[in-house]
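Here is a short tour of the model on display, arranged by topic so that you can follow along in your viewer.

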Amino acid sequence: MPTGASGLNAVVIEIKGVVKRYGATPVVDGIGFSCGEGEMVGLAGHNGAGKSTLFKMMLGIIAADAGDILLFGEPVRGRRFREVRRAIGYLPEHVALYDNLSGLETLRFFARLKSADPAGCKDLLERVGLAGAMHRAVREYSKGMRQRLGFAQALLGEPRLLLLDEPTNGLDPEAIHDFYDQLQQLKNAGTTILLSSHLLAEIQSRVDRLVIMASGKLVATGTVAALAAASGLPAGLALTPREGARERVKGALLAAGLVPLDAPDGTVHAIVAKPHRMTLLRVLAGLSGDLQEYTLTEPTLEDVFLHHQRGTAWVERAA
């Protein structure tokens, strides 16, 4: 079993052509990607895209109909996977908890199931912000507190791989910030993290790569920057002209091949396609005396996600 960074393969997750059908309907349809040691990868997709099903196949909870899943170099259905499973922490989208147990009793219960040392349970609860509630019954916990308890059970046994399905459900902004701080610390220590989230703006600056699924298929994978570049989506430009300079500003945009639009707040807007970026720089330099300020807004991760979800498959290639 992998017990530390020296015992791990460089490739921690390897998924090859995995298929899962329910009846004639493919829920996961030929998915393939890999994740390396110490990498944090976001799994994005609409509800029903197959993300949770993929997690369950990776854990051996349900069997794939075709393809291969290897974790730490071991096949999920292999003889050694039970041993490998102890190095994996999993937070499902909906955490099943016993309401009559306290938070501490719950974590100790999970520790016994996972053959983890229960002596560390109090420290884990403090780590996730439940030190003051560890002796309260879980039925008194809010949704956010239940999610923190679920995260604590995923951290039992110091896992080298974390699978997190919508992990920030129910968390307030401060708790989300603390959660990602902890993930960053784990990543820096070599833990591989695969997390699904529909809150794309939340993970945009936090993941190393994205895997985008739609209707069970992989439609794009790569860094956020690479996916944005491959999408070719335009940026949005907003200009605030000085008094009396509006027409000159609009004329300069027209001359550069851009279409100016008057906004109700007095600004002038334009859509800037990638080929016009250098032209825009020259336009802005020429308008320096006519502008109070300008803003160039790049496509958001949600824009990129929707583009790739609706378009053809795209995979970033290693240089």
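This is a predicted model: local features need pLDDT of at least 70, side-chain atom pairs count only at pLDDT 80 or more; totals for chains, interfaces and linings use all residues.

**Briefing: helix packing and selected residues**

Helices α8 and α11 cross with a left-handed sense. The chain's secondary structure comprises 11 helices and 15 strands.

**The α8–α11 pair**

- Helix α8 covers residues 224–231 and helix α11 covers residues 301–310; the two pack at an angle of about 60°, and their axes are 10 Å apart.
- On the α8 side, the contact uses V224, L227, A228, A230 and S231, while α11 contributes L301, V304, H307 and H308.
- Sorted by type, the residues of this α8–α11 contact are six nonpolar, three polar and no charged.

**The α3–α5 pair**

- Helix α3 (residues 103–113) and helix α5 (residues 143–154) have axes that come within 10 Å and cross at roughly 30°.
- Angles under 35 degrees count as roughly parallel, and α3 and α5 are therefore roughly parallel to each other.
- The crossing of α3 and α5 is right-handed.
- From α3 the contact takes G103, T106, L107 and F110, and from α5 it takes L149, A152 and Q153.
- These contact residues of α3 and α5 divide into four nonpolar, three polar and no charged.

**The chain as a whole**

- The C-alpha trace spans about 75 × 45 × 40 Å along its principal axes.
- The chain has 319 residues, and 49% of them count as buried.
- If you look at contacts in the chain with a separation of 6 or more, 68% are between residues 24 or more positions apart.

**Helix α1 and what follows**

- How is helix α1 (residues 51–58) placed relative to the rest of the structure? Six of its eight residues are buried, so α1 is largely enclosed by the rest of the structure.
- The buried residues of α1 are K51, T53, L54, F55, M57 and M58.
- After α1 comes G60, which has a positive phi, near 80°.

- S115 has a phi near 55°, which is positive although the residue is not a glycine.
- You will find S115 in the loop between α3 and α4 (121–127).
- With a relative accessible area of 56%, S115 is exposed.
- S215 is another residue other than glycine with a positive phi, here near 50°.
- The loop between β9 (209–214) and β10 (217–222) holds S215.
- S215 is exposed too, at a relative accessible area of 52%.

**Charged residues to look up in helices**

- E105 lies in helix α3, and E105 is partly exposed, with a relative accessible area of 42%.
- Between E105 and K122 there are 17 residues of sequence separation, and their C-alpha atoms are 10 Å apart in space.
- D181 belongs to helix α6 (residues 173–188), where D181 is partly exposed at a relative accessible area of 36%.
- The C-alpha atoms of D181 and R206 are separated by 9.8 Å, and the two residues are 25 residues apart along the chain.
- R277 is part of helix α10 (residues 277–286), and R277 is partly exposed, with a relative accessible area of 23%.
- Which residues does R277 contact, leaving aside its neighbours within four places in sequence? The partners of R277 are A235, V272, L296 and E298.
- R277 and E74 are 203 residues apart in sequence, with 48 Å between their C-alpha atoms.

How values were computed:
Residues are numbered from 1 along each chain as its sequence is written. Side-chain values use heavy atoms; hydrogens and water are left out. Axes are lines fitted to C-alpha atoms, for helices over the stretch in contact, and angles run from 0 to 180 degrees between N-to-C directions. Helices (H or I, at least four residues) and strands (E, at least two) are DSSP runs, numbered from the N terminus. A crossing is left-handed if the near helix is turned anticlockwise from the far one by less than a right angle, and right-handed if clockwise. Contact means heavy atoms within 4.5 Å. Ala, Val, Leu, Ile, Met, Phe, Trp, Tyr, Cys and Pro count as nonpolar, Asp, Glu, Lys and Arg as charged, and the others, Gly among them, as polar. Buried means under 20% relative accessible area, exposed over 50%, partly exposed in between (1.4 Å probe, protein chains only). Angles under 35 degrees count as roughly parallel, over 145 as roughly antiparallel, 65 to 115 as roughly perpendicular and the rest as oblique.
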